[in-house]
Amino acid sequence: MRKNICYESFHDKNDQITSFRCAHNDTGAHFHRCIEILYLIDGAIDCEINDVQYHADKDDIVFIRSCNIHEIKASPDYEYSVLIIEKRFSDDFANLFSTQTLPPLLNDKSFNQSLKQFFVFLENNPNISSIIKKGYINIIIGNLLDHYKSIPATHSPQIAMLINVLNYIDDHYKEQITLGD
């Protein structure tokens with residue numbers, strides 16, 4: 001088990017679709033309750049998702065399910081488009097992802113290239129309306145679900161308790177919460 005895992009609560013509080021280009025930086029081990037999708041524009045990365053190692057190259061997609069611990073390292077360098085999909089924007093497929101999910105590494109490059117335009121559009125148009133953003137997310141997720149075989153959804157054992165605590169707080173934040181609760 002890693003000693004330094006960061007909970008990126010700012011993503012969970014953002015309540016938006018965040019899309020940006022990232023390059024040349026390693027990302028330490030962290031998790032959030034958002035879905036994160038990376039489209040490798042150039043180069044390669046080594047990533048670890050829930051203690052499993054993956055290597056992704058240009059035109060691969062990395063799918064990181066809600067609450068999965070993940071970290072990214074350049075291999076040796078990279079540029080990727082990042083989509084962070086907050087809870088409100090994933091309600092169309094949230095129930096499906098509670099029992100099934102996409103594999104972390106989606107490496108059918110020719111298929112993935114057909115989706116690249118949607119990643120780039122979201123990245124280049126941060127101020128479009130949220131309904132248009134949600135439509136693009138549904139196109140991306142719908143195509144990925146249609147093309148790639150789903151796998152059973154599991155949580156990392158070390159984070160399961162923390163997820164339960166966060167969900168409890170979400171459900172009862174207006175009430176007096178004690179440590180026993």
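Predicted model: local features only at pLDDT ≥ 70, side-chain atom pairs only at ≥ 80, totals over all residues.
Biologist: Is Ser19 buried or exposed?

Modeller: Ser19 belongs to strand β2, residues 17-23. The cut-off for a buried residue is under 20% relative accessible area. Ser19 has 15% relative accessibility, so Ser19 counts as buried.

Biologist: Which helices does the pair of Phe121 and Tyr136 tie together?

Modeller: The structure holds seven aromatic pairs. In one of them, Phe121 and Tyr136 are stacked, with 4.4 Å centre to centre and 15° between the planes. The pair ties together parts 15 residues apart in sequence, because Phe121 lies in α3 (residues 109-124) and Tyr136 in α4 (residues 130-147).

Biologist: How does Phe121 count by accessibility: buried, partly exposed or exposed?

Modeller: Buried requires under 20% relative accessible area and exposed over 50%. With 27% relative accessibility, Phe121 counts as partly exposed.

Biologist: What is the area of the nonpolar surface patch that includes Tyr173?

Modeller: Tyr173 is placed in the segment after α5 (157-172). Tyr173 counts as exposed because its relative accessibility is 55%. Together with Val165, Ile169 and Ile177, Tyr173 makes a nonpolar surface patch of about 350 Å².

Definitions and conventions:
Residues numbered from 1 in each chain as written. Heavy atoms only, no water. Patch = residues over 30% accessible without salt bridge, like charges linked within 9 Å, V, L, I, M, F, W, Y side chains within 5 Å. Areas by Shrake-Rupley, 256 points an atom, 1.4 Å probe, with all protein chains shown as cover. Salt bridge = Lys/Arg side-chain N within 4 Å of Asp/Glu carboxyl O. Helix = DSSP H or I, 4+ residues; strand = E, 2+ residues; numbered from the N terminus. Buried < 20%, exposed > 50% of the residue type's maximum accessible area, 1.4 Å probe, protein only. Phe/Tyr/Trp six-rings, centres within 6.5 Å; stacked < 30°, edge-to-face > 60°.
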